[in-house]
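Trainee: Could we go through this model together? I would like to begin with the overall picture and then turn to individual residues.

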Amino acid sequence: MICSSSTTSRTRRLAAGLLLVALAVGPARGGTSVGDALAKARTALAKGDGIAAEVPLRQALRQGVPLTEVRAELGDALLLQGNRQEARKVLYGGAFPSGTEARGWRLKGRLELVEGNLGAAGYAFDQALRLAPDESSLWIDIARLRFMGGEEAQAIEAADRAVRLAPRDPRSLELRGLLVREQFGLRAALPWFEAGLAAAPDDTGLLGEYAATLGDLGQYRAMLVVCRKLAKVDPGNLRALYLQAVLAARAGRIDLARKIMQQTGTAFRDVPAAMLLNGLLEYQAGNANLAVGYFDRLVRAQPDNLQARTLLARALEREGLNQQALDVAGQWAQSASASRYLLMVTADALSGLRRKREGEQLRGRAARAEPVPATVIPTGQPLGALAIGYGQSPNLAATAVPYIRGLIEAGSAGEAVAVADRLRQASPGAAGAWLLAGDARLMSGDFAEAQEMYGRAAVIRFNLPTLQRIDLVLRRQGKAAEANALVARYLWQNPGSPQAMKLLSAGRAELGDAAGAAMIEAVLRARGLRNPS
């Protein structure tokens, strides 16, 4: 019986193979063979064009090719189009033909990854890795999974392996550039994008990242050249439009920037950076009512984003909605770490409500010159409830972070350190876990140990939040000159960072270098990087 079953299976596979050969060599409707249709589809997939790939694949199916034989290609085409529902039906609808199983698992992993199912994505990639351990595109996907899961050090290792396996692959070089940009800074990332463009000069992904990096470096002319090429290679490319809008805004051409952003339609509706840009453009154009809409959506998406909250309060106050402005500022304005600008905005709202005495008190706070202390972001939840959530998932940042904040609020800094260390030990490759361990020590007054934790985070990801924390602990230890040197090094890699420029301005003023601070302030004002009035 086993022999008979095996023979039948082989006969069926042989028949299917003969059918494919017959279809490939025979003409199809319109004079195009199935072989030609499949070749067109694979060429389109190599270019990342899911629509151009789906058409010949559907044609091949109509002409009798079994879905099993093109399952991977069709699933890939649907994924490229963002049609995840149909892609799931195809990819999970049956088996993959011999030789394509690894690709099938990889595509399943990509589908799960884009939908945020990290566990399912990891399982799928593990199956693909078992079948094809030296596939560079798989290691790219693994790197992305690790980065999304907070395993940033492991993501860097996976990206390095992808580059070793395919040194001229555009996707490998693009991803490595992105990770280098996070790890070391903008300037360090340029060679990776340039290497990718040397191999694939018209690659839209590389062109977009290269243009964005040039813009953040302040190399606006070069950015515009790359944006124009991106628009030429891919007419109507929305990334090119967005970058040109950013460039126009930085040049103070508000009306042009607004016009360009309008051309992008709703493509960036849920992108935080675009919400912020649109809000600022409308505010500067005198449309505070429209700015309120953008800032409100951003605050709803990121309730702990103090910059967005402050700008929303200012826009509401400008509209005369003073009570709403106070509600938005809320406990943030009462915090000892409230920025001077937020205090002034809140004071203006209080004055608008004829609560002038309270407003003057806040203006008095804003006028003080002493450094703003670090405080924990309020949780707004009872510590007991936070403890229950943490107890169910102690190694997840989503439950550990609010619990640590709650412990610090309650004055239990020692316990907060222990909880943070448990998360750090569970996720040693996550920069955020090291930062959290440093934050807990900072709030307990252990500045030296906080600096050690922040330094370990910087090895993995030296971004702005890491810089701000190291700068703070250095200054708390009386190491202002060392802090200034660190900020200057960061600015060499990221010269367009207004936050770093403000840190250096304040640091130079602290050391009595009024002339140096004044020069930085002049640049900030010229670029419109001080808060709107």
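Trainee: What should I know about the model before reading the values?

Mentor: This is a predicted model, in which local features need pLDDT of at least 70 and side-chain atom pairs count only at pLDDT 80 or more, while totals for chains, interfaces and linings use all residues. Residues are numbered from 1 along each chain as its sequence is written, and side-chain values use heavy atoms, with hydrogens and water left out.

Trainee: How many helices and strands are there in the protein?

Mentor: The protein has 30 helices and 0 strands. Along the principal axes, the C-alpha atoms fill a box of roughly 90 × 50 × 40 Å.

Trainee: What percentage of the residues is buried?

Mentor: Of the 533 residues, 44% are buried. Buried means under 20% relative accessible area, exposed over 50%, and partly exposed in between, with a 1.4 Å probe and protein chains only. The protein exposes about 26200 Å², of which carbon and sulfur atoms supply 54%; the areas come from the Shrake-Rupley method with a 1.4 Å probe.

Trainee: And the contacts, what share is between residues 24 or more positions apart?

Mentor: Such pairs account for 50% of the contacts with a separation of 6 or more, a contact being heavy atoms within 4.5 Å.

Trainee: Let us turn to α2. Which of its residues are buried?

Mentor: In α2, Val-34, Ala-37, Leu-38, Ala-41, Ala-44 and Leu-45 are buried. They lie on the same side of α2 because they cover an arc of only 125 degrees around the axis, the arc being that of the directions from the helix axis to the C-beta atoms. Lys-40 and Ala-46, on the other side of α2, are exposed.

Trainee: How far does α2 reach from its first C-alpha to its last?

Mentor: Helix α2, residues 34–46, reaches 18 Å, close to the 18 Å expected for its 13 residues at 1.5 Å a residue. The expected span is 1.5 Å times one less than the number of residues. Just after α2, Gly-48 takes a positive phi of about 80 degrees.

Trainee: Now α23. What do its buried residues pack against?

Mentor: The buried residues of α23 pack against α22 (383–392), α24 (413–426) and α25 (431–443). Among these buried residues are Pro-402, Tyr-403 and Arg-405. Gly-411 follows α23 and has a positive phi, near 85 degrees.

Trainee: Where is Arg-297 found?

Mentor: Arg-297 is in helix α17, residues 288–301. Its relative accessible area is 21%, so Arg-297 is partly exposed. Not counting residues up to four places away in sequence, Arg-297 touches Arg-269, Asp-270 and Met-275.

Trainee: Is Asn-463 buried or exposed?

Mentor: Asn-463 is buried, with a relative accessible area of 17%. Its place is in the loop between α26 (447–460) and α27 (464–476). Asn-463 touches Glu-182 and Tyr-490, leaving aside residues up to four places away in sequence.

Methods
Helix = DSSP H or I, 4+ residues; strand = E, 2+ residues; numbered from the N terminus.
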